Amino acid sequence: MRRTRLAGALTAVIALALTATGCGGGNTPAAPSAAAHPAAAPDRVEPLPSPGSPRLPVTVASADGRRVTVDSAERIVPLSGSLSEIVFTLGLGDRVVARDVTATFEQAADLPVVTRAHDVSAESVLSLRPTLVLAESTTGPAEAVAQIRDAGVPLVVVPAAKDLDDVGTRIDDVAAALGVPAAGTALRERTAERLDAVREKIPAHADRPRVAFLYVRGSAAVYLLGGAESGASSLLEAAGAVDAGKESGLEKDFTPITSEALAAAAPDAILVMSKGLESVGGIDGLVKIPGVAETPAGAARRVVSVDDGVLLNYGPRTDRVLASLVDQLYGEGK
């Protein structure tokens, strides 16, 4: 329960930070190291070429313990950026009528923002007459979720993502609720193949770098060091790295950054979200956070950044996240 609250709190902070910065997708991340990196590719999802049409009605198991019958997928409201990404990649983006502020990819940019992760506006959602609402187990507040359900709208809850093993399950769950299980299978297999292809690019004899995941928001004075339950461990380990926070004994999601905690983690590289890096003034500002400059990563100014909208989504674009980590950790000059 405590872990869920911590994860929920982080989701809310991310959503508020995205709102404050006006993040709407297509932004080029701040440079992840002292050397310049190529401009980021457009922030887009890649729909399946042949998604198929929903075959409804279907009755599916919801993560809140209910059985939900879906009669129509004509007007879909996903209540998180990650769920929006899956719906669009399944090829049903033209049926989505609203978005959460964390849906930052280009195809969703013109949709009205009706919710901000842990600040769901039931009235705004219901005003769009949805025929299906997709939520995560950490979506809230609970009262708003209940209000949507009590209005008679089919609401399917998907378990929150924690690691790479959740990617395929989440795709299958969303596809089942939309009545396109075959498309779900195709997308799950495509995503797994792409993740495997990235793993094959990790240098076989490379030393395993120690990487600390820092969640920073300079504008909100939020400076956190990720631990075992931050959500980044699975990605770092898949990239052949060691999660320095987890390895140093941090068992919970996040802990405030201190010089002592960073010294214990002793990271060779630091992973941050691109907007977070921007919010502290880039690498120059990051190394001014107490304790950062004294780490091997800070001394070498070795910083890896990934766009906020995809880093912890664990969805169809996670192979891109993993590829970016591998490139930045083992690329030329690293």
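T295 is buried, with a relative accessible area of 4%; buried means under 20% relative accessible area, exposed over 50% and partly exposed in between (1.4 Å probe, protein chains only). The model is predicted: local features need pLDDT of at least 70, side-chain atom pairs count only at pLDDT 80 or more, and totals for chains, interfaces and linings use all residues. Residues are numbered from 1 along each chain as its sequence is written, and side-chain values use heavy atoms, with hydrogens and water left out.

T295 sits in the loop between helix 11 (282-286) and helix 12 (296-300). Helices (H or I, at least four residues) and strands (E, at least two) are DSSP runs, numbered from the N terminus. The T295 side chain reaches the backbone nitrogen of G298 at 2.9 Å. Not counting residues up to four places away in sequence, T295 touches L262, P267 and I270, where contact means heavy atoms within 4.5 Å.

The whole structure holds two aromatic pairs. Rings of Phe, Tyr and Trp (its six-membered ring) pair if their centres lie within 6.5 Å; planes under 30 degrees apart count as stacked, over 60 as edge-to-face and the rest as tilted.

| Pair | Centres apart | Plane angle and class |
|---|---|---|
| F88 and F105 | 5.1 Å | 75°, edge-to-face |
| F213 and F254 | 5.8 Å | 65°, edge-to-face |

F213 lies in strand 8 and F254 in strand 11 (residues 254-256), so this pair ties together parts 41 residues apart in sequence. F88 and F105 are both buried.

The buried residues of helix 13, including V321 and L325, pack against strand 8 (210-217) and helix 5 (166-178), among others.

Notes
Polar contact = N/O pair within 3.5 Å; in protein donor to acceptor, adjacent residues only side chain to side chain.
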